[in-house]
Amino acid sequence: MKKIINHHTLLEIFMIALGCAIYALSLDMISVPNKLADGGISGITLLLRHFWGINMGLSTLILNIPLIILGYRFMGKRLLAYTIWGTVSLSFFLWLWRLIPIITQLNLEHDLFLSAALAGTLAGFGLGLVFRFNGTSGGTDIIARICQLKLGISSGKVLLFCDAVVLFISLSYLDIKHMMYTLLASFILSRVMDTVQQGAYSARGLLIISDKYQEIGRMIDLKLERGFTYLNALGGYQQDPKRVIYVVVSPREIPMIKQLIRQEDPKAFVTIIEVHEALGEGFTYNRPHHILFRK
């Protein structure tokens, strides 16, 4: 019988809880003491409390119910379970951090710029972990996850847009200074979140068109110890068959491979593509060890 909960599932559950803990820490330790506003569902609950005196816990629960149903419609049972787990974890850690003395030990002297930078970095790192391991923390995270799955839109960008809309409405009771610093924190959050979610093993892909493709390929193998692939192509003008080299390297190897190509064929046509994540030999295992100074 197949195990329902395997090691990978346990890892995802743990990392979602860890991400929620970091996100809650940024709210309790930085955002609230420095009177930074919030976006998304949290920002809406602040609006409801300010104008109608509605309890934030009750409004958070009510607002999350239709979003969780929407998440079930588009994400399925597994992601729904992870969403509920993330929502419960976030609520738990928001309560827990208020009881631990570390909250009062970080004195930023109400420096709003430093507070916004640190709050955005911590929150982005925490939410990035949550999304990287297929979870959400409830609220507008569900909308961001649906947009990512169905429309291919970066979750960080969706959250930034939702936060900006809520913060704009929050101008009805916030001063412009705190609102702008909160928007700065939301921007940093989106960038850090996308970086964490897309993976630590960033790389660059190169498409190399040259009549000396064999010589270039040989040098890539000898000097960089990287594998490569020959792609069959057809010239657009003369309709002549060509071989295109496709190779993925780390960002620090770009100057070296450009030099190798220039030495073999100065007229080679090269395009460099940003690769958000590279998995496999040479990146996540069996990484080549390069000598800093070559003879």
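**Salt bridges in the predicted model**

Author: In this predicted model, aspartate 240 is partly exposed, its relative accessible area being 23%. The side chain of aspartate 240 meets that of lysine 242 in a salt bridge, with an N to O distance of 3.5 Å. Lysine 242 likewise counts as partly exposed, at 29% relative accessibility.

Lysine 242 also forms a salt bridge with aspartate 211, where the closest N and O atoms are 3.9 Å apart. This pair links distant parts of the chain, 31 residues apart: aspartate 211 belongs to the loop between β1 (203–209) and α8 (213–224), and lysine 242 to strand β3 (residues 241–249). The 3.9 Å contact qualifies because the cut-off for a salt bridge is within 4 Å. Aspartate 211 is exposed, with a relative accessible area of 68%.

Arginine 226 is in the loop between α8 and β2 (229–234), while glutamate 253 is in the loop between β3 and α9 (254–264), so the pair ties together parts that are 27 residues apart in sequence. Both arginine 226 and glutamate 253 are buried, which means that each has under 20% relative accessible area.

The count of salt bridges in the model comes to three.

How values were computed. Residues are numbered from 1 along each chain as its sequence is written. This is a predicted model: local features need pLDDT of at least 70, side-chain atom pairs count only at pLDDT 80 or more; totals for chains, interfaces and linings use all residues. Side-chain values use heavy atoms; hydrogens and water are left out. Helices (H or I, at least four residues) and strands (E, at least two) are DSSP runs, numbered from the N terminus. Buried means under 20% relative accessible area, exposed over 50%, partly exposed in between (1.4 Å probe, protein chains only).
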